[in-house]
Amino acid sequence: MNRNARISTLLRKHGVLIALIMLIIAAGFSFPQFLTYGNLTNILRQSSMIGLISLGMTFVLLTGGIDLSVGSLAALASVIAATLSSYGNIGLMVLVPLAACGVLGLMNGIIIAKMKIAPFITTLGMMMAARGIALVMTGGISVSVDADIVNTFGTIAQSYLFKIPTPVWLFFLVLVVGLYFTNKTRAGRHVYAVGGNEEASRMMGLRPDRVKIVVYTVNGLLAGLAGIILSSRLSAGQPVSCDGWEMNAIAAAAIGGTQLSGGRGGLSGTLVGVLIISVISNMINLQGTLNSWWQSIITGLMLLLVVIMQSRMEMRPKSRRKLTTAERF
Amino acid sequence: MKGITAKKQQRQSFELQLHLQKYGTIYAFAALIIINMLLNHNFASLGTLWNLTIQVLPTMLTSLGMVLVISSGGIDISVGSVMAISAVISGMVLTGKVPVVGSGVGIAVAFALLCAMLLGLFNGILISYFKIQPIIVTLILFIAGRGIAQLLNAGGTIVFYNNKFTEIALYRIGGVVPIQLFISLFFVLVIIFLLKKTTFGYYIQAIGENPRASRLSGIRTTGVLLSIYVISALFAGLAGLFESSRASCADPNSIGVLAELDAIAAVAIGGTSMSGGKAHIMGTVFGALIIQLVSIMVNMNNIPFAYSRIFKAVIIIVAVYLQREKRS
């Protein structure tokens, strides 16, 4: 193996991780307050909610699907949690939103797997419907968490465990379970198999329908969890919150190397993708003079860079993978 | 005997399905109109019709571009951002913020559409030459495009007092028929001609059906794909211009938000398969009308607007379910 080939393999395998490290080094040199404990935990805390959704999204993308409904589901969960706060029972405030989002995710899965409607359309419908339900429930206004329970409920997002915010622990827990699931269990390999070639996986005796239903349900549950964390952090449920989270989650997974055609990628890449987006956002905040719209422009450029790099590597004659543009949108 | 009747029934249900695939959207539209007439006595008036034709135009234009994209097996989620950019650019030219080109209406329109087409070219090049998936490419422009539109005028709304430009969207032929009706009709005919009478149209659908076979049979797939995304962006640019002309202002934060999803929903309701292939143009037209009619219906009956999202979701899923193509 000559040197160039070695560098190109290194870039292909760890290019995004290298980019993240370079970004952190650059930020550390430019902004002295970047590498402080407070700022770093802040970045992690901000990543945790979008991170949870991105992890679920990665599973969906691995099966060759897509889920546009997660932002609306998270908003719905935050609204349900806040509405139930008047009962003063924290179990209710956590379990009911989770159950609701799980059921709606399950509905996504059943419609996609059994009724054979394209994931984009199904989850587009769910995106509209869940947002509609959240708006109808609240009449379009923000619902605040009841004063009696606001402190207890607030611990979910605002407390620390070993000096690290609790939502970050939740995110890492889901990440570790997910990594174990994809890399060490048979069911995890089924997710890749279904995304790689659904027909072949069916012929090999797997059940693509079941895999898809589980994946969309899990994604619904994680969106619900993110929504609960959000409402705990804001002490309110906002029906118009979480707008565009689905696109950020897809961008994070794509930056992390998960391909939207299914079967390729993984959770560790998504972690890097989420962190890159959060670090960029944090740098823009620290810089102070740049406006928030630079965030979207820079995220877009980052995504552009990654996909162009990926496509150049794919086009090497060495990889004999079929080049399809329009096969699966 | 029993076998024969069973076969007959099977055949009948198959024919019913074909029929639904072809005309289902029109039935759904008719049903919605009848429901509206029963619910509200003021519905059956010319005013409602003109309202519908005026309000539906942006969705109609973006859906017509989208039907080409989807029938080629792709998707374009950047149309909302392109709408915003084209609207902001037209506003900037009209208010004289782009010093080089002057501030005429014609120049504003031409410049905005040119920029929209450049954005489409960006999409098209990445999709056809770099072989990157359409959804990722247009996601880049979806994310970055909105930021660019905000950046162009520092996030603010451009208000312009240019009567000539505003008149375009308010013009009524003979003082009655809104010009939007003719614009819609014109572009529907253009797309029908493009898809049914030109080889280019057949190439699009062939690529959607089987990209590999199309390439092997000598279709220049890269060129065709490139032009589709340019056309889609051009339609999005036109839609953005009409939005800003009707409101006589250009707000980069609100123009075209969720427009791409409305357009995709219209195409899907119209029966075009998301995996590409045959394009149903009339279905798309009625799909766009249905989407707009639901909003009007909710408004006219004093139902909270949030319900319209739930209605739309149900209509989309049911329509797509009824029209799905049976795979062997």
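**Helix packing and the chain interface**

Tutor: In this predicted model, the axes of α2(B) and α10(B) cross at roughly 175° and come within 8 Å.

Student: How are α2(B) and α10(B) oriented to each other, roughly parallel or roughly antiparallel?
Tutor: They are roughly antiparallel, because an angle over 145 degrees counts as such.

Student: Which residues make the contact?
Tutor: On α2(B) they include B:L57, B:L61, B:L64 and B:L68, and on α10(B) they include B:I228, B:F235, B:L238 and B:F242. By type, the residues of this contact divide into 15 nonpolar, 3 polar and 1 charged.

Student: What about α8(B), which residues are buried there?
Tutor: Helix α8 of chain B spans residues 199-209, and its buried residues are B:Y203, B:I204, B:A206, B:I207 and B:G208.

Student: And what covers them?
Tutor: The cover includes α2, α9 and α10 of chain B.

Student: Changing topic: how many residues of chain B are in contact with chain A?
Tutor: There are 46 residues of chain B in contact with 45 residues of chain A. Elements giving two or more residues to chain B's side are α4, α5, α8, α11 and α13 of chain B.

Student: Which one gives the most?
Tutor: That is α5(B), with 13 residues. Chain B's side as a whole has 31 nonpolar, 10 polar and 5 charged residues.

Student: Where is confidence lowest and highest in chain B?
Tutor: Helix α6 of chain B is lowest, at a mean pLDDT of 76, while α10(B) is highest, at 91. Chain B averages 84, and the model scores ipTM 0.80 and pTM 0.85.

Conventions: Residues are numbered from 1 along each chain as its sequence is written. Chains are lettered from A and ligands numbered from 1 in the order in which they are written. This is a predicted model: local features need pLDDT of at least 70, side-chain atom pairs count only at pLDDT 80 or more; totals for chains, interfaces and linings use all residues. A residue is buried if 20 or more other C-beta atoms lie within 10 Å of its own, exposed if 12 or fewer, and partly exposed in between; C-beta atoms are placed from the backbone. Helices (H or I, at least four residues) and strands (E, at least two) are DSSP runs, numbered from the N terminus. Two residues are in contact if their C-beta atoms, placed from the backbone, lie within 7 Å. Ala, Val, Leu, Ile, Met, Phe, Trp, Tyr, Cys and Pro count as nonpolar, Asp, Glu, Lys and Arg as charged, and the others, Gly among them, as polar. pLDDT is the predictor's confidence in each residue, from 0 to 100. Axes are lines fitted to C-alpha atoms, for helices over the stretch in contact, and angles run from 0 to 180 degrees between N-to-C directions. Angles under 35 degrees count as roughly parallel, over 145 as roughly antiparallel, 65 to 115 as roughly perpendicular and the rest as oblique.
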